Amino acid sequence: MTTDPLIATFTRAQAELLECLLGEAAGPAPGGPCRPERVDIRRAAAGGCTLAFIHGAGGGTLFLHQLARHLPPNLGLVGINAGFAEDGTRSVLQDAEALIDRYVDAVCAGGQPGAPLHIGGYSSGGVIALEVARRIEARGDRVASLTLIDPARLPVPEIRQDTRLPKESLARRFEIARLAGITPLSSLYPTVARVQQAIATIAAIVRADAVMAPIHLLRATQGPEALPASEIARWAARTSSGMRVSEVAADHASIIAEPAIANVGAAIVNWLVNSLPLETV
């Protein structure tokens with residue numbers, strides 16, 4: 001992952017001041033509804049399986065280009081980005097069911113008919129991936145596995161409403177942007193708030209039902225956001241087919257950059273080739 005060198009020049013307080021000057025503290029970022037976009041990083045070989053990866057809080061999946069170098073060439077790799085329609089309305093963004101259905105459609109369009117479909121997610125994308133898998137299974141289709149790179153904490157049913165103060169929300173937006181390598185002056189910065197809103201919309205309807213697909217959770221072991229054992233146990237409870245945990249010596253941001261992403265790729269290969277039944281690979 002390439003980090004904008006300017007990011008180091010901004011403190012959180014400066015980012016908050018800049019947002020206030022730009023008027024962003026007054027309300028949600030402008031723009032239309034979230035329309036997930038599918039990007040083919042690499043096509044699967046004939047009859048081969050596909051791994052469809054859902055974006056994290058930054059909204060993009062550029063890291064998959066690096067990850068692809070460490071995966072088998074016959075494995076299809078698809079990125080699901082958080083696209084937005086600039087039509088001036090937020091109505092669809094508020095419709096959680098319509099929004100998650102768009103993700104389901106984008107993920108399913110990335111696979112080959114009859115071939116195994118593996119779903120992945122980075123950061124908050126792990127929560128979206130879980131709900132996407134549950135809905136695909138609910139309609140009678142099979143998800144071969146879930147691969148989650150340092151996923152976010154699962155939403156707590158009793159805490160659905162965001163009770164943070166505006167200043168706290170701005171601080172959180174800046175932190176997410178920093179992890180994604182985006183500065184407050186970047187044209188991508190307003191998108192962070194919109195991605196946050198889309199993720200929060202989906203998190204509010206995530207069901208507690210366990211999926212049938214096995215889970216491979218790759219945990220970043222460094223930094224303050226490292227998943228504690230209690231959260232890993234909550235993720236393990238969301239599958240009826242078992243979960244493997246692979247630990248990677250990195251923090252939440254560097255796990256999707258070299259050199260850590262090489263270890264991520266090796267762990268994914270080991271999972272797909274050595275751990276899953278042959279009919280799912």
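Val 107 is buried, with a relative accessibility of 0%. That value, like everything else here, comes from a predicted model. To find Val 107, look along helix α3, which covers residues 96-108. What does Val 107 touch, once its neighbours within four places in sequence are set aside? It is in contact with Ala 52, Ile 54, Ile 80, Leu 117, Ile 119, Val 132 and Ile 136.

Now for the backbone. Most residues other than glycine have a negative phi, and most peptide bonds are trans. Against that background, a few spots are worth a look.

Start with Ser 123, in the loop that runs between β4 (117-122) and α4 (125-138). Its phi is near 60°, a positive value, and it isn't a glycine. Is Ser 123 buried or exposed? It counts as buried because its relative accessible area is 8%, and the cut-off for buried is under 20%.

Next, move along to Asp 150, in the loop between β5 (145-149) and α5 (166-179). Asp 150 also isn't a glycine, and it has a positive phi of about 40°. With a relative accessibility of 2%, Asp 150 is buried.

Finally, head to the loop between β7 (243-248) and α8 (260-275), where you'll find Pro 259. Here the thing to check is the peptide bond from Glu 258 to Pro 259: it is cis, with omega near 5°.

Definitions and conventions. Residues numbered from 1 in each chain as written. Predicted model: local features only at pLDDT ≥ 70, side-chain atom pairs only at ≥ 80, totals over all residues. Heavy atoms only, no water. Helix = DSSP H or I, 4+ residues; strand = E, 2+ residues; numbered from the N terminus. Buried < 20%, exposed > 50% of the residue type's maximum accessible area, 1.4 Å probe, protein only. Contact = heavy atoms within 4.5 Å.
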